[in-house]
Amino acid sequence: MEASRKTPSFSDALRRLLVLMLTLIPAVGSMPVPTDVPMCTASETAHYSLTFTGKWTQAAFPKQYPVYRPPAQWSNLIGVTHSSDYHMWQSNEFASNGVREFAEKGEAWTIMKEVETAGERIQSVYGILSAPAVVGGSGQMDAEFEAFARHSYLSFMVRLVPSPDWFVGVDGVDLCDGDRWKDKVTLELFPYDAGTDSGFTFSSPNFETIPQDRITQITSSFPSHPANSFFYPRLKHLPPIAKVTLTKIKKTNQIISLPLEPTQSNLLPTGNEIEEKLINTPLDCEVSPWSPWGLCKGKCGDSGVQHRTRYVIMHPANNGAACPLLDEARKCFPDNCL
């Protein structure tokens, strides 16, 4: 009886373990590799043209539209081609120091240093691209860039001028679809708040947000403050303030450099812009609260009249609601009559 209960030798135990591993390995090997993003397997390098078109017009955005000192315009465009593990900026995340300086002042050197550091540290950034600033709200800027299978994503930013810390851009648009490059990508752009300045209007003075807030998209109802330059309570959605078109092209030898000054050559609207439907955003009249009632004017013993007034804060535009009466009167009886 004791012989039948003999303890297995080390070699027997090892053999059983190997058999068990060989049984499990096929099952493990057949499990899919978890991934959050599709892999680009395109073999060749892709060359793209980028066309940014501003749609920041007084008809589309009549509220507090900046017409002088300075007029509505766009900063230069700063962008990068990169892999899926890099983000130049992200909605609902905190802006980096570089994003902060660019969104508030249009200064790009810190963000370029951040891009360079990320490229050296984790090899996630391939290249930097730029396009010249547009001196006008409805102008256009162009650039060309390359993309590789490992760096098939594009991100960029363009600052609204003037603004506290507002910008438009894209965060990681993928130009690759499996083993091929996309021929054309068109995206409508909407304003974002970098969360670093607390101004409500285009011309607000610098007022640092403490503590810093996250990057958020500006909508027709958010921030929900009547002084906000993008506050249009009658609209369900803001119209797009810009658009970008990315078109795959044949290789060129053009060298792209960082522009230092805005250009005057991109002020005229393009043919495509003329063909698009004109957006006329209705702007209702806004008036101040009533003043206190004035003195009662009239003869002693008889009823008199007193007035109160209010003034126009924002005149209507594009068939918005007309202004109400600015003066109101009521009967009264004079006080302190002798």
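Predicted model: local features only at pLDDT ≥ 70, side-chain atom pairs only at ≥ 80, totals over all residues.
Tutor: Two strands count as a pair when DSSP finds at least two bridges between them.

Student: Thanks! How many bridges join strand β3 to β4?

Tutor: Strand β3 (residues 77–82) and β4 are joined by six bridges, and the two run antiparallel. To see one of these bridges, find Ile78, whose partner in β4 is Ser130.

Student: How much of the model reaches a pLDDT of 70 or more?

Tutor: pLDDT is the predictor's confidence in each residue, on a scale from 0 to 100. In this chain 80% of the residues reach 70 or more, and the mean is 82. Two stretches call for care, though. Over residues 1–11 the pLDDT stays under 50, and the model has one contact beyond four places in sequence for them. Residues 254–260 also stay under 50, with 14 such contacts.

Student: Let me try a single residue. Where does Gly98 lie, and is Gly98 buried or exposed?

Tutor: Look in helix α2 (residues 97–105) for Gly98. Its relative accessibility is 0%, so Gly98 counts as buried. Now follow the chain twelve residues along to Thr110: the C-alpha atoms of Gly98 and Thr110 are separated by 4.6 Å. Beyond four places in sequence, Gly98 is in contact with Glu107, Thr110, Ile111 and Glu114.

Student: Which side chain does Ser152 join through a polar contact?

Tutor: For a polar contact, look for a pair of N or O atoms within 3.5 Å. The side chain of Ser152 has one of 3.0 Å with the side chain of Asp174. You will find Ser152 in the loop between β5 (140–147) and β6 (153–161). Although Ser152 is in a loop, it is buried, at a relative accessible area of 2%. Among its contacts beyond four places in sequence are Cys40, His82, Cys176 and Trp181.

Student: Cysteines make me think of disulfides. How many does the structure hold?

Tutor: There are three. In the pair of Cys40 and Cys176, the sulfur atoms are 2.1 Å apart. This pair links distant parts of the chain, 136 residues apart: Cys40 is in the loop between α1 (10–29) and β1 (46–54), and Cys176 is in strand β8 (residues 176–177). Both ends are covered: Cys40 is buried at 12%, and Cys176 is buried at 6%.

Student: Why is the disulfide of Cys40 and Cys176 called right-handed?

Tutor: The torsion about its S-S bond is about 80 degrees, so this disulfide is right-handed.

Student: What about Cys285 and Cys323?

Tutor: Their sulfur atoms are 1.9 Å apart. Cys285 lies in the loop between α4 (271–275) and β14 (286–287), and Cys323 in the loop between β16 (312–314) and β17 (327–332), so the pair ties together parts 38 residues apart in sequence. Cys285 is buried at 14%, whereas Cys323 is partly exposed at 30%.

Student: And how far apart are the sulfur atoms of Cys296 and Cys332?

Tutor: They are 1.9 Å apart. Cys296 sits in the loop between β14 and β15 (304–309) and Cys332 in strand β17, so parts 36 residues apart in sequence are tied together.

Conventions. Residues numbered from 1 in each chain as written. Heavy atoms only, no water. Helix = DSSP H or I, 4+ residues; strand = E, 2+ residues; numbered from the N terminus. Buried < 20%, exposed > 50% of the residue type's maximum accessible area, 1.4 Å probe, protein only. Contact = heavy atoms within 4.5 Å. Polar contact = N/O pair within 3.5 Å; in protein donor to acceptor, adjacent residues only side chain to side chain. Disulfide = S-S within 2.5 Å.
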